[in-house]
Each structure stands twice: as C-alpha cells, then as structure tokens.
Amino acid sequence: NIPLTIPEMTLPYTKVTTPPLRDFSLWERTGLKHFLKTTKQSFDLNVNVQYKKNMNSHSIPLPLGAVYDALSPNTDDLHRHFEKARDKTLDFLTKSYKEAKIKFEKYKVETSLDKLPRTLRVPGFYIPMTNIIVSPFTAEMPAFGYMVPKEMSTPGFTIPGIGFSLPSYTLVLPSLEFPVLHVPTSLQKLTLPDVKILRPSDHISIPAMGNFTYDFSFKSSVITLNTNVGLYNHSDIVAHFRSSSFSIIDAL
C-alpha cells in the first residue's frame with residue numbers, strides 16, 4: 001500500500017498537460033480494501049493429471065501370414081540375384097584395378113591404402129510387425145583413389161625467319177578419376193546376411209484405452225475454482241465434467 005506520486009507532465013508532440021497526482025492510494029481510492037484481506041496476495045494452484053492403464057486389449061485381424069507366405073519362397077531368388085550382381089560388380093572392379101595398376105607401375109606412383117577404411121559393419125536388427133530377424137553383416141569394401149597419372153605431349157614447332165624451334169615435351173600430370181586401388185578377395189564369397197522370417201500371427205493386439213482424470217483447483221482470497229474432468233473406459237466410453245466456483249464478488 002504505497003501511495004503514488006506523479007508530477008505534472010506535458011504529452012510529447014501535443015500541448016496537453018496532465019495535472020500532478022500526489023499521494024494517490026490504489027488500496028484506498030479503488031475500493032480494493034473492501035474485498036481483499038491484505039495488500040500481499042497469495043494463491044494456491046494444484047493440477048493433477050492421472051492415467052490408469054487398462055489390462056485388456058483389442059485384437060485386430062491383419063493378414064500378416066499372407067506376407068510371410070509371399071516372402072518366404074522368394075528368399076532363395078533374392079540370394080541368386082544378389083550373387084549375379086556381386087559377380088558383375090567384381091568383374092568391373094577387377095578390370096578397373098588392373099587398368100589403374102598398369103598406369104601406377106608405369107609411372108612408379110605409390111598408393112597409400114592404409115588411410116582408406118575398407119570394412120563395412122552392419123549390426124543385426126529386427127523388423128517389427130513382420131517378425132523378420134537379420135543377422136549381423138560385415139564386408140570388406142574396395143578402396144578407391146582420386147587421381148591417376150596421365151601422359152600428355154606438347155607439340156613441337158619452329159618460328160620461320162628467325163630459326164627458333166621448340167621441341168615436343170612429354171609430361172605426366174595427375175588426372176581426376178576414381179580408380180580402384182584394392183579389390184578384396186572376400187568379395188568373391190560375399191553373401192547376403194541370414195534372414196529369418198518367423199510366421200506371425202494374423203492378429204495384432206492393441207491395448208485398450210485406460211481411465212484418464214484431470215483435477216484443477218485455484219484458491220485465493222477473492223475466488224476459488226475447482227474443475228474435474230474424467231474419461232472412463234467401462235462397457236462404453238464415459239466422460240465426466242464437474243466445475244464449481246466461489247467468490248466474494250457477485251459478478252464473479
């Protein structure tokens with residue numbers, strides 16, 4: 001309850017002057033003292049949200065068995081297609097490696113394979129809803145470079161009249177390519193990881209909805225509010241809503 005004192009002021013960009021205000025008490029002049037017990041107000045606020053799990057579940061039919069019947073016979077075909085693609089990739093990599101090796105040996109260029117990571121590791125994993133289990137997978141990867149030596153020759157020429165001639169020069173310059181620097185021997189025996197397809201159930205269980213309650217309460221010297229909301233799963237879904245208020249001010 002501190003009185004306010006505001007001096008006389010002239011509003012900017014206008015000629016309006018406000019009168020001075022001295023010892024103005026909001027507590028006394030606005031009537032707050034008639035319905036507030038003290039100038040130091042406090043309130044209590046409580047919020048409670050609760051969800052109670054339902055032990056029942058709903059069984060929804062889903063033809064996952066048909067997915068199993070469609071995938072199981074095709075696993076052998078998948079392995080055969082993979083082996084064909086592996087052999088074609090191996091032939092391409094071997095050809096590229098031999099071509100790059102000839103160029104490196106011709107121009108005595110050394111390659112550093114120690115700095116190139118060449119191992120791929122994939123942990124085993126499980127695919128939900130389909131009961132598919134894939135085993136861990138490790139494969140040695142081929143190593144690639146970025147440059148190969150390339151021979152270039154400059155033409156020789158003679159300037160008539162002055163007898164100046166420039167002979168032809170042969171230069172070996174790096175050329176931007178992606179040569180294969182290493183082909184792992186294990187690539188010849190590379191196979192797909194083991195895939196186990198377990199026949200799933202033709203139904204999916206979904207937990208039933210539980211009971212949800214929400215309680216809210218607000219208490220102060222002026223007003224008291226209480227609210228309760230409930231959503232219950234019995235034989236049917238039942239919702240409850242309760243609210244009450246009390247105030248010393250009739251308008252509230």
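# Terms tested on a predicted model

Q: Which residues is F137 in contact with, leaving aside its neighbours within four places in sequence?
A: Those residues are L120, R121, V122, L190, T191 and P193. Contact here means heavy atoms within 4.5 Å.

Q: What limits apply to this predicted model?
A: The model is predicted, and local features need pLDDT of at least 70, side-chain atom pairs count only at pLDDT 80 or more, and totals for chains, interfaces and linings use all residues. Residues are numbered from 1 along each chain as its sequence is written, and side-chain values use heavy atoms, with hydrogens and water left out.

Q: What makes up the largest nonpolar core?
A: F137 belongs to it, together with L90, L93, A139, V180, V183, L187 and L190. Helix α3 (75-106) and strand β10 (137-140) are the elements that give two or more residues to this core. The name "nonpolar core" applies because the set consists of buried Ala, Val, Leu, Ile, Met, Phe, Trp, Tyr and Cys residues joined through side-chain atoms within 4.5 Å. In soluble globular proteins, nonpolar side chains tend to be buried together.

Q: Why is N54 called buried?
A: Its relative accessibility is 18%. Buried means under 20% relative accessible area, exposed over 50%, and partly exposed in between (1.4 Å probe, protein chains only); N54 therefore counts as buried. Of the 252 residues of the protein chain, 18% are in the buried class.

Q: What surrounds N54?
A: N54 sits in the loop between β5 and β6 (57-61). Not counting residues up to four places away in sequence, N54 touches A208, M209, G210 and N233. A polar atom of the N54 side chain lies 3.2 Å from the backbone oxygen of M209, and one lies 3.0 Å from the backbone nitrogen of N56. A polar contact is a pair of N or O atoms within 3.5 Å; within protein, one must be able to donate a hydrogen and the other to accept it, and residues adjacent in sequence count only if both atoms are side-chain atoms.

Q: Why is Y51 called partly exposed?
A: Y51, in strand β5, has a relative accessible area of 49%, so the label is partly exposed.

Q: Why are K101 and E105 separated by about one helical turn?
A: The two residues are four residues apart in helix α3, so about one turn lies between them. K101, at 39% relative accessibility, is partly exposed, whereas E105, at 54%, is exposed.

Q: Are R86 and D87 buried or partly exposed?
A: R86 has a relative accessible area of 13% and is therefore buried. D87 is at 36%, so this residue is partly exposed.
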